[in-house]
Amino acid sequence: MKKTIQDSMRLMTYQMRKLRINHHMTQKQMADILNVSAQSISAYENGVIRPDIEIIMKYAEYFINKDIHVSLHRCLFINTNTELTSKI
């Protein structure tokens, strides 16, 4: 089964929320680190808006620096077992 961009975004937003919660952080705390509003964090996590690449990279850098057990692979939510396709 091919994976769509929407599927990847759902996985990414789920992982963003899960990683934040597992590190006992509020949306406000994450927002302060990323220099965005808590409403933006909520919108990212609920799939309302897509975080841009700069936000994704800041997010990954924060958790990689905070927890050596968090890999860039996990932070960027890359699933190498499925193919990502775009329906154009």
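1. In this predicted model, helix α2 (residues 27-34) and helix α3 (residues 38-45) have axes that come within 8 Å and cross at roughly 105°. Angles of 65 to 115 degrees count as roughly perpendicular, and α2 and α3 are therefore roughly perpendicular to each other.

2. On the α2 side, the residues that meet α3 are Gln27, Lys28, Met30, Ala31 and Leu34. Their partners in α3 are Ala38, Ile41, Ser42 and Glu45. By type, the residues of this contact between α2 and α3 comprise 5 nonpolar, 2 polar and 2 charged.

3. Which residues of α3 are buried? They are Ser40, Ile41, Ala43, Tyr44 and Glu45. These buried residues of α3 pack against α2, and also against α1 (5-22) and α4 (53-66).

4. After α3 comes Gly47, which has a positive phi, near 75°.

5. The aromatic residues deserve a separate point. A search of the whole structure finds 2 aromatic pairs. One of the pairs is formed by Tyr62 and Phe63, with 5.0 Å centre to centre and 80° between the planes. Planes over 60 degrees apart count as edge-to-face, and the Tyr62 and Phe63 pair is edge-to-face. Tyr59, Tyr62 and Phe63 form one aromatic cluster.

6. Are Tyr62 and Phe63 buried or partly exposed? Buried means under 20% relative accessible area. Tyr62 has a relative accessible area of 22% and is therefore partly exposed. Phe63 is at 0% relative accessibility, so Phe63 counts as buried.

Notes:
Residues are numbered from 1 along each chain as its sequence is written. This is a predicted model: local features need pLDDT of at least 70, side-chain atom pairs count only at pLDDT 80 or more; totals for chains, interfaces and linings use all residues. Side-chain values use heavy atoms; hydrogens and water are left out. Axes are lines fitted to C-alpha atoms, for helices over the stretch in contact, and angles run from 0 to 180 degrees between N-to-C directions. Helices (H or I, at least four residues) and strands (E, at least two) are DSSP runs, numbered from the N terminus. Angles under 35 degrees count as roughly parallel, over 145 as roughly antiparallel, 65 to 115 as roughly perpendicular and the rest as oblique. Contact means heavy atoms within 4.5 Å. Ala, Val, Leu, Ile, Met, Phe, Trp, Tyr, Cys and Pro count as nonpolar, Asp, Glu, Lys and Arg as charged, and the others, Gly among them, as polar. Rings of Phe, Tyr and Trp (its six-membered ring) pair if their centres lie within 6.5 Å; planes under 30 degrees apart count as stacked, over 60 as edge-to-face and the rest as tilted. Buried means under 20% relative accessible area, exposed over 50%, partly exposed in between (1.4 Å probe, protein chains only).
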